[in-house]
Amino acid sequence: MAIAQIKNLQRRLGLLEEEAADELTRACGHELWQTLGFDAFDALEDPDRRARANYYYGQLQTARELKAVLA
């Protein structure tokens, strides 16, 4: 893979990571999810918000793992 392609992919993964973090903060209503992880999601009473938080946490983890491989 060319260096330009890797840099572009890293940039896009960064954007996905940022979007996922923003959506997690929105779903939880606070930024404590960054230190609490799944415990913050389990405390959500609304099943839709809990499902959205779990989805975006998976997206966040995937983006971070891919960025680590490319680094």
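**View 1. The Tyr55 and Tyr56 ring pair.** At 54% relative accessibility, Tyr55 counts as exposed, whereas Tyr56, with a relative accessible area of 15%, is buried; here buried means under 20% relative accessible area, exposed over 50% and partly exposed in between, with a 1.4 Å probe and protein chains only. The rings of Tyr55 and Tyr56 form an edge-to-face pair, 5.0 Å centre to centre with 80° between the planes. Rings of Phe, Tyr and Trp (its six-membered ring) pair if their centres lie within 6.5 Å, and planes under 30 degrees apart count as stacked, over 60 as edge-to-face and the rest as tilted. The model is predicted, so local features need pLDDT of at least 70 and side-chain atom pairs count only at pLDDT 80 or more, while totals for chains, interfaces and linings use all residues. Residues are numbered from 1 along each chain as its sequence is written, and side-chain values use heavy atoms, with hydrogens and water left out.

**View 2. The Phe41 and Tyr57 ring pair.** By the ring rule given above, the count comes to two aromatic pairs. Phe41 and Tyr57 form an edge-to-face pair, with 5.2 Å centre to centre and 65° between the planes. Because Phe41 lies in helix 3 and Tyr57 in helix 4, this pair ties together parts that are 16 residues apart in sequence; helices are DSSP runs (H or I, at least four residues) numbered from the N terminus. Phe41 is buried at 0% relative accessibility, and Tyr57 is also buried, with a relative accessible area of 17%.

**View 3. Helix 4 and its surroundings.** Helix 4 (residues 47-70) has 24 residues and reaches 35 Å from its first C-alpha to its last, close to the 34 Å expected, the expected span being 1.5 Å times one less than the number of residues. Its buried residues are Ala53, Tyr56, Tyr57, Gln59, Leu60 and Ala63, and they pack against helix 1 (3-28), helix 2 (33-36) and helix 3 (38-42). At the start of helix 4, a side-chain oxygen of Asp46 reaches to within 3.2 Å of the backbone nitrogen of Asp48.

**View 4. The largest nonpolar core.** This core, a set of buried Ala, Val, Leu, Ile, Met, Phe, Trp, Tyr and Cys residues joined through side-chain atoms within 4.5 Å, has 13 residues, and those with the most contacts inside it include Leu24, Cys28 and Trp33. Helix 1, helix 3 and helix 4 each give two or more residues to the core, with the largest share, five residues, coming from helix 1. Leaving aside its neighbours within four places in sequence, Cys28 is in contact (heavy atoms within 4.5 Å) with Trp33, Phe41, Leu44 and Arg49.

How values were computed. Polar contact = N/O pair within 3.5 Å; in protein donor to acceptor, adjacent residues only side chain to side chain.
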